[in-house]
Amino acid sequence: MSGMLRTLVGAVLAGGLLMAAPVAHAQVESGPWTSYSPTFTVQERGCGDVADLTFRLTCSTASGDQRAERRYATYTGGTRQFEGSFRITSLGGTRISLKQTFNDSTPGPYFMLAVERGGRLYAVHGGATVATGATVGATVRVNTVHAVGSQHRTYINGSLRHTYASPGGSFYDKFGAYRTNSGQGPATVVWSGIRFWRK
């Protein structure tokens with residue numbers, strides 16, 4: 001192999017390695033943001049099962065409370081940001097909620113991001129499509145930015161995809177796998193890279 005060819009092959013391999021290197025993600029929107037670590041509790045109801053960051057609904061029951069989630073500490077006021085990536089490893093059912101911003105004042109789920117079989121992500125209240133491509137095996141990054149009393153914004157893979165007016169009050173974040181009123185399991189969802197910021 002000539003010296004020039006070795007140089008060319010080396011450059012191509014180096015470029016390939018750079019392209020294959022994991023991408024470091026960070027918060028969306030301008031700061032300054034302060035990182036923090038809210039406490040959480042694990043919620044398993046019905047056929048829900050949680051093992052660290054793997055959330056399973058093991059049944060196809062289309063009624064009752066079927067959930068496997070983490071419920072984080074309540075916040076009031078300010079602006080809060082959640083970041084996490086999910087990968088659906090199996091989806092025998094459909095219409096499974098993946099991430100919620102829960103209104104603890106009303107109370108009730110204020111914003112629910114759910115997935116249909118086929119990979120459509122949608123806002124449960126109103127039904128708007130947020131994104132597509134959340135198919136089995138795909139990794140999808142979710143950021144929610146919640147300015148309490150102003151607006152809730154949802155980013156998918158770094159792009160703003162949904163905005164929603166927000167009342168004041170107290171709220172908390174939840175994520176995992178949760179059967180919506182029109183959905184059913186089974187489903188297995190693996191989350192990673194969970195981070196929180198506030199300002």
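Me: How many disulfides does the count come to in this structure?

Reply: The count is 1 disulfide, where the term stands for a pair of cysteine sulfur atoms within 2.5 Å. Please keep in mind that this is a predicted model, in which local features need pLDDT of at least 70 and side-chain atom pairs count only at pLDDT 80 or more, while totals for chains, interfaces and linings use all residues. Residues are numbered from 1 along each chain as its sequence is written, and side-chain values use heavy atoms, with hydrogens and water left out.

Me: What makes C47 and C59 a disulfide?

Reply: Their sulfur atoms are 2.2 Å apart, and the limit is 2.5 Å, so the pair qualifies. The angle about the S-S bond is -65°, and the link of C47 and C59 is left-handed. C47 belongs to the loop between strand 2 (40–45) and strand 3 (48–51), and C59 to the loop between strand 4 (54–57) and strand 5 (67–72), so the bond ties together parts 12 residues apart in sequence. Strands here are DSSP runs of E with at least two residues, numbered from the N terminus.

Me: Why is the ring pair of Y72 and F196 called tilted?

Reply: Rings of Phe, Tyr and Trp (its six-membered ring) pair if their centres lie within 6.5 Å; planes under 30 degrees apart are stacked, over 60 edge-to-face, and the rest tilted. Here the centres are 4.7 Å apart and the planes stand at 45°, so the pair is tilted. Y72 in strand 5 and F196 in strand 16 (residues 187–198) are 124 residues apart.

Me: How do you know whether Y72 is buried or exposed?

Reply: Buried means under 20% relative accessible area, exposed over 50%, and partly exposed in between (1.4 Å probe, protein chains only). Y72 has 4%, so Y72 is buried. F196 has 5% relative accessibility and is buried too.

Me: What makes the aromatic pair of F82 and W191 edge-to-face?

Reply: The centres are 6.0 Å apart and the planes 70° apart; the angle is over 60 degrees, so the edge-to-face label applies. F82 sits in strand 7 (residues 79–91) and W191 in strand 16, 109 residues apart. Both F82 and W191 are buried. Ring pairs also link F82 and W191 into a cluster with other rings, among them Y72 and F196.

Me: Why is R71 said to lie over the face of Y172?

Reply: A charge sits over a ring if NZ of Lys or CZ of Arg is within 6 Å of the ring centre and within 35 degrees of the ring normal. R71 lies over the face of Y172 at 3.5 Å from the ring centre. K99 lies over the face of F82, at 4.9 Å from the ring centre.

How values were computed. Helix = DSSP H or I, 4+ residues; strand = E, 2+ residues; numbered from the N terminus.
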